[in-house]
Amino acid sequence: MTSNPSRFFRLTLALLLMLLSITPAPAAALSARRQPSSTAETSPQQIIEIPAESFGLPLAQDETARQYAKGSVLLQAGDNLQFNVNVPAGGEYTLWFDAAASPSAPTAPEGQMRVDGGFPIGDLRRVIFPIFYRNSTDTFPKDRYGNDALIRQIRLTRWTKVPARDVTFSQPYPLRIPLSAGEHHFDFTLTEGALYLGSIYLETFSPYPSYASYLDLQTAPVSSGFSLTLEAEFPAYKNDTSVRPANNRDLTVTPYDTYKLLLNTLGGESWNKSGSAVYYEFDVPADGMYAVTFRALQNTRSNFTVFRRITVNGEVPFEELNAFPFPYSTNWLDVPLAGETPYLLFLHKGTNTLGIEATNSPYLPAIQTIQQALLDINTLSLEIRKLTGNQRDPYKEWVISDYIPGIKDRLNAIAQNLIGDKDLLVSITGSSASPEVLTYQMAIDNLLFLAADPDKIPIYMTRFSEGPGSAAQLLGSLLLQLQSQPLALDKIIIHSPEMIIQTPPPPFSLSFAEGFKRFLHSFQPDPYQSIGASQGELEVWVNRPRQYVDLLQVMADESFTPQTGIRVKFSIMPDESKLILANAAGIQPDVALGVSTNVPYELAIRNALYDLRSFEDFDSFIRIYSPGALLSYIINDSVYAIPETQDFWVTFYRKDILDSLGIPVPHTWNEVIEILPELQRYGMNYNTPLSSGAGLKGYLVTAPYLFNHGAKLYSDDGFASGLQSEEAIAAVKFMAESFTIYGMPLTTSSFYESFRQGTLPIGISNFTDYVKLMTAAPEIDGLWTIDLYPATVLPDGMQLRYATGSAQASIMFKNTDQPQEAWQFMKWWMSTETQVDFQERLILNYGREYLWNSANLEAFSRLAIPEEHRAVILEQWKWLQEPVRLPGSYMQERELSNVWNRIVFEGANPRVALDRSIIIINREIRRKMEEFGYLKNGQRVKEFKIPTIETVQEWMEHAR
């Protein structure tokens with residue numbers, strides 16, 4: 001063999017470049033990563049390591065940092081670090097981080113990585129780091145009725161090697177960054193949370209080997225005679241608290257009980273988000289090759305295959321486990337990790353970790369096609385609106401193709417792309433009759449219909465981009481379905497390959513006997529809905545569904561009762577409207593939770609509620625609230641309820657549409673009026689709370705107009721309306737002219753749907769629509785955000801942006817024989833610690849759809865929502881002002897709505913309409929004041945104080 005000097009020179013030069021690859025870090029190292037095996041050697045993969053010492057930041061020295069031997073830094077939101085890397089050869093590289101989320105981080109830390117001043121891949125704008133959780137105990141606690149309760153989850157500070165992945169965790173591999181040979185500048189900024197960061201690695205990309213290649217590298221013996229069963233409901237840890245245990249009554253599921261509800265499976269509908277993973281730790285007696293079988297069920301989605309990414313000790317062993325299929329079945333199946341034959345996995349002696357992560361990567365081509373189709377449809381829809389404006393005349397003919405050249409080709413291109421991916425979907429699911437495939441076909445049919453005659457699109461927008469049957473809405477719902485990957489697990493069996501795991505069906509006699517016993521048991525009363533408490537036990541009625549009541553009972557039994565010795569019995573409230581009758585009959589509870597905001601005043605004025613301000617620590621306790629949130633619960637100097645949840649009214653806007661039209665986000669009503677002509681020119685509009693719903697326009701939506709014009713609802717003494725002032729007249733006039741002159745929509749059946757469709761790309765809405773957009777609008781994910789409620793600019797330049805925020809409240813009945821215990825419970829319930837625990841457990845148990853909008857500002861500040869949204873909401877709550885209630889105030893609320901209707905629909909003069917209503921309002925206020933003892937024969941006999949925000953603030957400031 002002859003030597004080659006040229007080749008030797010090139011190898012030497014490459015080695016020198018690798019050794020000098022990191023600047024300014026002199027300690028940068030190269031290492032090699034091998035696929036896990038027993039003793040087999042593999043080709044080394046180039047890894048460039050950037051140690052934390054090279055970041056130019058002080059190293060962390062606390063306990064978490066000491067768990068990582070190499071040295072790490074603690075980053076807070078906004079912190080930045082930079083480094084240079086000399087890449088020895090051009091190609092695709094993956095980016096990895098040795099990292100651990102700080103225990104203080106309420107949400108998953110996020111960062112962004114710029115390369116040479118930009119983002120070579122868009123997903124580098126959001127690099128998400130995991131937070132891990134584990135069970136606080138090894139067994140399920142029992143509730144007072146003997147049923148399993150969910151185990152409390154606690155944060156697990158765990159160092160792990162985290163790849164930079166796409167934000168939806170849909171890509172089959174970590175992000176692949178194209179880099180040329182030479183020096184590159186990296187700039188990392190932590191944008192949210194707090195993060196311990198160790199070394200950063202740049203690794204050459206290489207795909208996972210096939211199973212055949214993996215097996216060829218193994219030299220360990222095949223195990224024999226070994227079997228270990230892991231109950232799936234007890235993972236060692238997980239990265240998503242919404243993946244929760246659930247009860248299943250199938251006789252083959254273990255453990256099983258005829259009468260009690262046992263949490264004996266994991267997942268199902270709660271384990272459907274790509275990237276959600278659970279991890280199991282287990283021991284094997286010796287190095288060897290083992291098989292794995294799952295006891296699994298996917299009966300949520302008909303004719304749909306879901307996928308899981310399987311890792312062993314942190315690595316995907318081979319390509320076939322990067323997305324392992326679980327088919328649809330109506331019954332539990334024993335699913336071996338297998339292809340044509342069972343897969344053999346190398347496990348080392350001692351503790352191993354099996355990871356199971358939901359993944360929708362096989363559906364990624366279809367998901368990306370749908371996302372692109374939705375963008376194309378939204379873009380084309382906007383172009384058509386720019387041309388046609390608001391006109392939807394079926395008798396008007398348009399020649400759209402003259403104004404939008406190539407529109408037919410664009411529609412056909414969208415349809416053809418979808419047709420190709422529909423075939424891919426059929427090949428994955430194995431069925432052309434699944435709901436997903438049928439939805440696909442309906443969207444394609446709509447597009448082909450419009451492509452056949454594009455000039456008809458203006459009168460067929462309901463088939464294109466508007467309405468529930470449009471192509472856009474069909475594809476949007478399909479996108480959510482493809483991204484969802486539900487799967488339930490009963491158990492995981494680690495076993496030797498020679499064993500065939502097959503669960504026999506239960507005998508017919510056993511099935512019949514168990515069914516008959518459960519049928520008889522169904523006639524027993526439901527203990528969760530029974531009314532009445534034992535002697536010395538607080539009775540609390542909750543005006544919420546059962547899942548809330550169950551969680552409250554568990555938390556009180558775990559925390560409140562052991563701390564105080566006070567036992568609490570929770571029941572679902574039979575009927576909120578009958579609380580007055582319950583009080584009259586003497587069967588009222590001690591405390592009621594979740595009471596609608598208008599109910600406490602009606603009960604208090606009838607002397608049915610306990611004055612909470614009579615407790616010495618009340619004034620100091622209410623510092624957790626917005627001062628304006630208590631106004632509707634105050635009568636004179638007494639307070640008869642405390643806020644439990646709190647709504648918000650903020651501006652929602654579509655960033656993509658406003659940017660496309662060049663429209664700025666308005667911050668005042670004057671600016672809203674300025675953008676209206678431009679919006680309306682394109683067939684769009686601005687939503688206000690007055691547009692939502694029909695019938696009575698309550699204080700919830702009318703009072704802010706009065707507050708922001710500096711008007712008072714009532715006279716200073718409270719015995720007359722305050723609507724006769726010039727400020728009130730100006731407020732009512734603007735409230736009506738928003739519709740009569742400026743053309744805002746009179747009715748909006750669903751702002752959520754109109755916002756998704758783009759017909760109302762901006763407007764004011766509340767927490768309900770916020771949750772819908774966060775959880776059920778994937779097609780506009782990242783295209784919208786929120787801002788403050790528009791301010792009213794007064795003649796002197798002052799800007800006011802008051803808004804209401806009423807939701808639910810907690811009350812104590814006057815007839816309680818345990819007032820001190822009841823007050824202690826109410827303080828515990830609304831404390832920051834309890835509210836944070838409750839909102840976290842709600843998400844753990846039931847998912848993000850159960851976001852809890854606590855009225856406790858400290859607790860809400862720790863809610864797991866985007867930081868920029870949280871900041872806007874908390875800022876808006878500084879302007880929260882509830883309308884004061886007094887005897888007869890319901891008449892003013894009703895008449896304000898009537899005045900608006902008269903002006904808008906009958907063309908009445910605002911001043912005349914108000915004068916007519918003021919007579920009716922004042923008459924009713926005087927009548928009710930006499931009924932409740934404030935007036936006698938028209939003469940004032942008792943003072944009525946009108947509370948203000950300043951009143952509540954003074955209580956807080958002077959509290960002991």
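## Nonpolar cores

The largest nonpolar core holds 123 residues, and those with the most contacts inside it are Phe570 and Phe825; such a core is a set of buried Ala, Val, Leu, Ile, Met, Phe, Trp, Tyr and Cys residues joined through side-chain atoms within 4.5 Å, where buried means under 20% relative accessible area, exposed over 50% and partly exposed in between (1.4 Å probe, protein chains only). Helix α18 (residues 726-740) supplies the largest share of this core, eight residues, with helices (H or I, at least four residues) and strands (E, at least two) taken as DSSP runs numbered from the N terminus. Apart from this core lies another, of 80 residues, which includes Leu345 and Leu482.

This is a predicted model, in which local features need pLDDT of at least 70 and side-chain atom pairs count only at pLDDT 80 or more, while totals for chains, interfaces and linings use all residues. Residues are numbered from 1 along each chain as its sequence is written, and side-chain values use heavy atoms, with hydrogens and water left out.

## Salt bridges

A search of the whole structure finds 35 salt bridges, each a side-chain nitrogen of Lys or Arg within 4 Å of a carboxyl oxygen of Asp or Glu. Arg152 and Asp837 meet in one of them (2.5 Å, N to O); because Arg152 lies in the loop between β9 (132-135) and β10 (153-156) and Asp837 in helix α22 (residues 832-846), the pair ties together parts that are 685 residues apart in sequence. Arg152 is partly exposed at 35% relative accessibility, whereas Asp837 is buried at 11%. Both belong to a network of salt bridges that also links Glu558 and Arg841.
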